[in-house]
Amino acid sequence: MFWVLLLFLAWAFAGTACARLCLAAVRTDASDAAGVPDVPDAQAVAGRDLTLYEAAFLSGGPARVADVALVSMARERRLLLAHTGWATVVDPRGRDEIEQSVIGAIRPGGQSRIAPVRRRAADAEAVRRLADGLVHAGLAVREGSDTVASAVRQVRAAALAVAVLGSTALLLPGDTGTPRPLVGAWFALPLILTLSSLAIARFEVHPYSPWASPAGQRLLRALTGKPAGDERSFLTSVAVRGIRAIGEPELRAAFTHRDQPLRE
């Protein structure tokens, strides 16, 4: 009857994850119904416009902020991004703290691989200050907080765990004392619970973001509804959608390039 212990674990994983998702969704609905974030300066930010960096952080986190700065500097020819994955500084004077962080991430010599530049720029103090400001304004969620996005990830992990435990129970050697189809049916119940919870979350509370609060998501939706066509609109698309919004093949290749392994 070892499969019963595995079934107990499956229900524990599924029940805990789904309960966490329900609580996170309820908190999100309550915050969304309030209309404004529960912070001292809520009235000041209720009708504000997001900057490119703020939109980038709320959409994709610190890495997206670094991407927007790199693309902006490259479009103005102040930074060269080669399709081979190298960044070269043309103008060493950054126009803001984020750009200064990018230039500093390239380090002396004025040239570096793009991947480490993105990582170092995303970890810069300027990006952390940007994140703290958004959290204080109620537009971003604090790192490590219990959000719908993190709860959804836990439910997905629980669904995978249930599938693994169920497969293990079905593959146990010897006679389990219970028909294997019945064992599979028992494990199908927690699996159905997790999958149905994911489906409901997708329908009811999507989009769920690991970075933006409900107030931040409302501002992002308003931002994406604005007319496109100019340079700022292009950078806004990059901020919201990431590097897949870049239409220039060589510039997109600079971000997606991967070193080929050495051949002997």
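Visitor: Which residues of helix H3 are buried?
Guide: The model is predicted, so local features need pLDDT of at least 70 and side-chain atom pairs count only at pLDDT 80 or more, whereas totals for chains, interfaces and linings use all residues. Residues are numbered from 1 along each chain as its sequence is written, and side-chain values use heavy atoms, with hydrogens and water left out. Helices are DSSP runs of H or I with at least four residues, strands are runs of E with at least two, and both are numbered from the N terminus; buried means under 20% relative accessible area, exposed over 50%, and partly exposed in between, for a 1.4 Å probe and protein chains only. By these criteria, the buried residues of H3 are Leu52, Tyr53, Glu54, Ala55, Ala56, Phe57 and Leu58.

Visitor: Why is H3 described as largely enclosed by the rest of the structure?
Guide: Helix H3 covers residues 52–60, and glycine 61, with a positive phi near 80 degrees, follows it. H3 is largely enclosed by the rest of the structure because, of its nine residues, the number that are buried is seven.

Visitor: Which residues does valine 65 contact, leaving aside its neighbours within four places in sequence?
Guide: Valine 65 is found in helix H4, and at 0% relative accessibility it counts as buried. Its C-alpha is 8.4 Å from that of alanine 55, a residue ten positions away in sequence. With contact taken as heavy atoms within 4.5 Å, the partners of valine 65 are Tyr53, Ala56, Phe57, Ile98, Val127 and Leu130.

Visitor: Against which helices do the buried residues of H7 pack?
Guide: Helix H7 has twelve residues (125–136) and reaches 16 Å from its first C-alpha to its last, close to the 16 Å expected at 1.5 Å a residue, where the expected span is 1.5 Å times one less than the number of residues. Its buried residues are Ala126, Val127, Leu130, Ala131, Leu134 and Val135. These pack against H3, H4, helix H5 (97–106) and helix H6 (114–122).

Visitor: Which residues touch the most other members of the largest nonpolar core?
Guide: In soluble globular proteins, nonpolar side chains tend to be buried together. A nonpolar core is here a set of buried Ala, Val, Leu, Ile, Met, Phe, Trp, Tyr and Cys residues joined through side-chain atoms within 4.5 Å. In the largest such core, which has 51 residues, the members that touch the most others are Leu58, Leu81 and Phe255.

Visitor: What is the distance between the closest N and O atoms of glutamate 248 and arginine 75?
Guide: Glutamate 248 lies in the loop between helix H11 (231–241) and helix H12 (249–256), and arginine 75 lies in helix H4, 173 residues apart. Glutamate 248 is partly exposed at 33% relative accessibility, and arginine 75 is partly exposed at 27%. Their closest N and O atoms, which form a salt bridge, are separated by 2.0 Å.

Visitor: Which helix holds both arginine 129 and glutamate 125?
Guide: The two form a salt bridge whose closest N and O atoms are 3.9 Å apart. Arginine 129 is partly exposed at 42% relative accessible area, as is glutamate 125 at 41%. They are four residues apart, about one turn of the helix, and both lie in H7.

Terms used:
A salt bridge is a side-chain nitrogen of Lys or Arg within 4 Å of a carboxyl oxygen of Asp or Glu.
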